[in-house]
Amino acid sequence: MLKKVLLGSLGAALVLTAGILLGHFGIQRGSTAPDWVMDVTQDVDEALIQKFIAEVDNIAIQENLRELTKVPHMATSPGDEQTVQYMLKRWQDPDTGLDQAWREEYKVYLSFPDPNTPNKVTVVNPSDAVLYTAREKEKAYSSDQEDPEVVQPYAAYAPAGHPKGRLVYANQGKPSDYFLLNQTLNLTGTVAITRYGGEGRAGKAINAAPYGVIGVLVYTDPWDINDGKMSDNNETYPFSWYMPPSGVERGSFNTHYGDMLTPYLAAKDDTYRIPEKNITGIPPIPTQPIGFEDAYALICELGGEPAPSEWQGAFNCTYNFGGPGFKPTSNFNNSDVKLDIYNREELKNSANVMGVIRGSVEPDRYVIYGNHRDSWVHGAIDPSSGTSVMLEVTRVLGRMVKQGKWRPRRSIIFGSWGAEEFGLIGSTEYTEEYYSKLSERSVAYINVDIAVFANATLRASSSPSAQSVILKASKQVKTPGSDSTSVYDNWIRYFNRTSPAYGVIPNVGFLTGAGSDYAAFIHFLGITSMDISYTYDRTKTRARIYPAYHTAYDTFDYASKFIDPGFTSHQTVARTAGNVLMRLADSLLLPFNCSDYAETLEGYLSKAMELYTDGLASHMISIEPLQTAVRNFRSAAARLDQLIRDSDLANETPLKVRRINDQLMLLDRAFLDPVAFPDRYGFRHVIWASSKAGQATFPGLADAYTRAASTGLDSDWKEAHRQLSILVQAIHTGRRHLART
């Protein structure tokens, strides 16, 4: 694919060389200079950004969403192919399309329920007579839920099987939950029911199996998603945004990302695939999600001792551990819960849809903007809110290009990723296929997946160096419904922090996990990345995510009535993300700030010293090298900042601009270590790898120290020392990267 983008690379080199020669011989910019001389030194055009902001249309976004959600479009389904064709049609439009658009195919390993033999959850007595059957499909409130392409709720990648055993309640399925439960009960041969939250989907079953649990149920407790509301007569959808009782969160039950059979290789037809038995990170036992109406019927009948207060939920009964099994007074007494799971795995062709606007000066530098296209059902919010926003961004920019009013300095690549819901597959395969080119030439990756969770405020996470461009863009966009309040000013009311350098500013989060398609870009390739959305006021709800997430109720009706009536928050995200995109593509000097990275490292260092100094010292491990590394990084960042301030880059050799831009662009790559986390696919960034320690500090050190402190084993303390050394070396590498030579 990238060869299409790279056709202009030779021309870019010639332009830069000519610019250097012109600068050397003192040719002044003016009427006698060729037009391209002005292009080489051209900075971002603020008037064009304002034009872009003005032309982003909320009604166009609304109609995009209406079209995208007409049918369910789970990955590789007929509806998915329909959205592929729609994206191509839009991006190949002669008036508002991109320079080029095409599809790229991968053959990937997916998991589906058997449409002819639905999964079942039942309560059966000793004679195997069925006493209770959980719903196989969610209740229909409109024709959307009646569409035959609505997939039955299931746990993707959970194995087929027919476990039958006494039921126990295991809270969130964390290791600590099963450990506590096992202190009270013998879990061998039991079926556990767990609630979403606190632990990844797959972990709820992976953590259970060592205790002898043979099957797992998962549900969403109304306490965690609905603020306790449970009635579809007047409280939940279709009357509000809350999940109705039969709603079920589908999901991929795997802990790794990318195609599981082709790790570190793009999943093409002829690619080597590992044996299926070698796959790790998926449930070892049958697992099935159910609605909270069915969970209520089961949990409130459980016997045994009451579970701890922090395990209690919204049901008007005491959540017991289980006897194991049900109360002696229950109609289910002496009965088992049986799971009949018929999931099956298939190799299927999945497409990314790619598009490009070629750069005029540096076509070999890429700003990438992406969003996945596939959904579990209609996917109005996840992901089609992001797709509808991306289509509006490309419509406005594409028209500006077609009309000859604008062409970016750098190339912009747009990606509509396939099969994200199964584990970020489309974007990961793309990074694996084009690893070298993307590593060398990518400026940044912008992810807008769920564009609008709700309509209260902007939310953003990014590499620290990209914080400044997001904040600048947010100051130029007005918050929905206001002509005076900026997104920045509204944002700071909801999420803020105190920065040593800037005072109180909006809190830009970090990309510490693999929650969306930024994962392969930041963790695997070390490309400066960001994720942008609008979200809700967290003081007014306990909802861990918008309540219709991954259910059959995530429809156009739901989005237009309860998430963003009028689509003005969608419009605001499009304006903000598009503003960031144009600045990254057009600025003479990339709008990154390496001193903001230094501030983040200093914050992480402070927490690490507070938590780990004494424990490390007691094992003859000094944290002082880490202090020195962070201090030296700060000095190098300050020197680069000073060089930038002292330079008149528009009137200096283009080579100097290119060199500084490369230092800014490649900074995150300096923190990659391919052997830091050998057992964790795709996690190579030693600052942003996810951590189980739950501390706002360096993840590898945090996890290793926590384990060593727990076990006391000399081998684990050696691993803590190794992680500390990896970290110190990576930060020194970053410091050297910022140096002039």
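Reply: Here's a walk through the cavities and their linings. Bear in mind that this is a predicted model, where local features need pLDDT of at least 70, side-chain atom pairs count only at pLDDT 80 or more, and totals for chains, interfaces and linings use all residues. Residues are numbered from 1 along each chain as its sequence is written, and side-chain values use heavy atoms, with hydrogens and water left out.

The structure has 7 cavities of 30 Å³ or more. A cavity here is a set of points, on a 1 Å grid over the protein atoms alone, where a 1.4 Å probe fits but cannot get out, and lining residues have an atom within 4 Å of a point. Grid points are joined across faces, edges and corners, and a volume is the space filled by probe spheres set on the points.

The largest cavity holds about 110 Å³. It's lined by 17 residues, with Arg 135, Glu 136, Gln 288, Pro 289 and Ile 290 closest to its centre. Two strands, β2 (120-124) and β10 (287-289), each give two or more residues to that lining; strands (E, at least two residues) and helices (H or I, at least four) are DSSP runs, numbered from the N terminus. By class, the lining has 6 nonpolar, 5 polar and 6 charged residues. Nonpolar means Ala, Val, Leu, Ile, Met, Phe, Trp, Tyr, Cys and Pro, charged means Asp, Glu, Lys and Arg, and the others, Gly among them, are polar.

Next, the second largest cavity has about 70 Å³. Of its 12 lining residues, Val 40, Arg 409, Leu 588, Pro 654 and Val 657 sit nearest the centre. Helices α3 (35-41) and α22 (654-665) each give two or more residues, and α22 has the largest share, at 4. This lining divides into 6 nonpolar, 2 polar and 4 charged residues.

Technical notes: On a 1 Å grid over the protein atoms alone, a cavity is a set of points where a 1.4 Å probe fits but cannot get out, and a pocket is an open set with protein on both sides within 12 Å along at least five of seven lines; lining residues have an atom within 4 Å of a point.
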